[in-house]
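Subject: Structure handover

Hello,

Here is the structure I promised to pass on. My notes follow below it.

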Amino acid sequence: MEYERRKKESKPVLAICYDFDKTLSPDDMQAQGYVQSVGYDVKKFWDEANALAAENDMDGNLAYMYKMMRESEGRFVFNRRSLEEYGAKVKLFAGVAGWFERIKRYGAEHGVTVEHYVISSGLKEMIEGTEIARAGAFEKIYASSFYFNDRGVAVWPAQTINYTNKTQFLFRIEKGVLDINDPAVNDYFPPEELRVPFRNMVYLGDSDTDVPCMKLVHSNGGHAIGVYHPETGDKAKVLRLMRDNRIRYFAPADYSQGGELDYIVKNIIKKTAAYEELERVRTAKKAESERG
C-alpha cells in the first residue's frame with residue numbers, strides 16, 4: 001500500500017499542533033448542540049459516560065462515543081452528515097478564524113513553512129464540520145472517529161485518541177509519516193533527515209490531558225504553550241503546568257492579531273528561522289571537516 005510520506009524540505013517546517021476542546025473552542029464540542037439535542041444537560045451526559053467507563057473498565061473515549069450513538073437512537077440518524085452539522089455549530093475563541101492563514105503568511109515572510117495539525121480526543125467528524133476545517137486550515141486532523149456502514153451510519157469506533165496515545169502523532173509529524181496506519185513511524189531516521197525535529201514543534205493545550213504531548217515537545221527543545229479561557233481568566237491549570245515544567249509559555253486563548261499568543265508564536269517563527277540557518281551553517285562546516 002502507498003502511504004503519504006513527506007521528506008525534509010529546503011525550508012524549515014514549523015508544525016503547530018492543537019488540542020481542540022477548550023484550546024480552539026471554549027467548550028467540549030459535544031456540549032455545543034449534540035448533548036442538548038438528545039435531551040440531556042451537559043453534566044448529566046458526562047457523568048453517565050464517565051460512570052459507564054468506570055463500571056466496565058472502559059476507555060473514556062469509547063464510553064462517550066458509545067453513549068452518543070445510543071442516545072441518538074429514535075431521535076436522528078447518527079451519520080457523518082449529522083456530526084458535521086453539529087460541528088458547524090461549534091464556537092471558536094476570538095481570532096481563531098483568521099489565525100491559521102495569518103500565521104502561515106508570517107512564517108513564509110521569514111522563510112519558514114508553517115503547518116497546522118489537530119491532535120484531539122474529540123470527534124474528527126465534528127471537527128471536519130467546523131468553519132476552520134472546511135476552509136482547509138489543517139494539514140491533518142488526528143481525532144477519535146467512527147466507522148460508517150454502507151448506508152453512512154456510524155456503527156463502530158474507527159479510532160479513539162486519548163491523552164497517552166496522542167504522542168504517536170507527534171512522531172508521525174516529526175518523520176513526515178502522516179498516515180495513521182503507516183508502520184514507518186517506527187523506523188529510524190537520522191536526525192538530519194527528520195522533516196520536523198521536535199525543536200520545530202509547537203503544542204497548544206489547556207489541561208492535564210495534554211501533559212504527555214506537552215512534556216514530549218518541551219523536553220525535546222520544542223515549544224509547549226498552555227492556554228486558558230480569556231473571559232474567566234482562570235490560570236490555575238496553566239500555572240501548575242508551568243511549575244511542573246510541562247510548558248514553556250502560557251497565554252489566554254485569544255488568537256487575535258497583536259495578542260499575547262500571536263506575539264509568542266511569531267517570535268517562535270523568528271527563532272526557528274534563525275536557528276535553522278545556523279544549523280545549516282554548522283552542518284556545512286561539519287561536512288567540510290569530515291572531508292579533511
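R195 touches quite a few residues beyond its neighbours within four places in sequence: R6, K7, K8, E9, V13, E115, Y117, E174, K175 and G176. Contact here means heavy atoms within 4.5 Å.

Before the rest, some ground rules. This is a predicted model, in which local features need pLDDT of at least 70 and side-chain atom pairs count only at pLDDT 80 or more, while totals for chains, interfaces and linings use all residues. Numbering runs from 1 along each chain as its sequence is written, and side-chain values use heavy atoms, with hydrogens and water left out.

Back to R195. It sits in the loop between α8 (167-175) and β5 (201-205). Helices (H or I, at least four residues) and strands (E, at least two) are DSSP runs, numbered from the N terminus. R195 is buried, at a relative accessible area of 4%. Buried means under 20% relative accessible area, exposed over 50%, and partly exposed in between (1.4 Å probe, protein chains only). The R195 side chain also makes a polar contact with the side chain of E115, at 2.7 Å. A polar contact is a pair of N or O atoms within 3.5 Å; within protein, one must be able to donate a hydrogen and the other to accept it, and residues adjacent in sequence count only if both atoms are side-chain atoms.

In β2 (113-123), E115 is the bridge partner of A15. β1 and β2 pair in the parallel sense over six bridges. Two strands pair if DSSP finds at least two bridges between them. β2 and β3 are parallel as well, over five bridges. There, S120 stands opposite A143 in β3. β2 is mostly covered, with nine of its 11 residues buried.

Helix α5 (residues 96-109) comes next. It has 14 residues and reaches 20 Å from its first C-alpha to its last, close to the 20 Å expected at 1.5 Å a residue. The expected span is 1.5 Å times one less than the number of residues. V96, W99, F100, R102, I103, Y106 and G107 are buried in α5. What do the buried residues of α5 pack against? They pack against β1 (13-18), β2 (113-123), α7 (131-134) and α11 (260-291). Just after α5, G111 takes a positive phi of about 75 degrees.

Now the aromatics. Rings of Phe, Tyr and Trp (its six-membered ring) pair if their centres lie within 6.5 Å; planes under 30 degrees apart count as stacked, over 60 as edge-to-face and the rest as tilted. The count comes to 15 aromatic pairs by this rule. Y34 and F76 form an edge-to-face pair, 6.2 Å centre to centre with 85 degrees between the planes. This pair links distant parts of the chain: Y34 is in helix α1 (residues 34-37), F76 is in the loop between α3 (60-72) and α4 (80-88), and they are 42 residues apart. Y34 is buried at 0% relative accessibility. F76 is partly exposed at 23%.

F78 and F146 are also edge-to-face, at 5.2 Å centre to centre and 90 degrees between the planes. F78 lies in the loop between α3 and α4 and F146 in strand β3 (residues 140-148), so this pair ties together parts that are 68 residues apart in sequence. Both F78 and F146 are buried.

One aromatic cluster takes in Y34, Y40, F45, W46, Y64, F76, F78, Y86 and F146. K44 lies over the face of Y40, at 5.2 Å from the ring centre. The rule for a charge over a ring is NZ of Lys or CZ of Arg within 6 Å of the ring centre and within 35 degrees of the ring normal.

Q30 is placed in the loop between β1 and α1, and it is buried at 2% relative accessibility. Beyond its neighbours within four places in sequence, Q30 is in contact with D21, V35, Q36, W46, Y64, M68, G122, L123 and M126. M126 is found in helix α6 (residues 124-128) and is buried at 1%.

Best wishes
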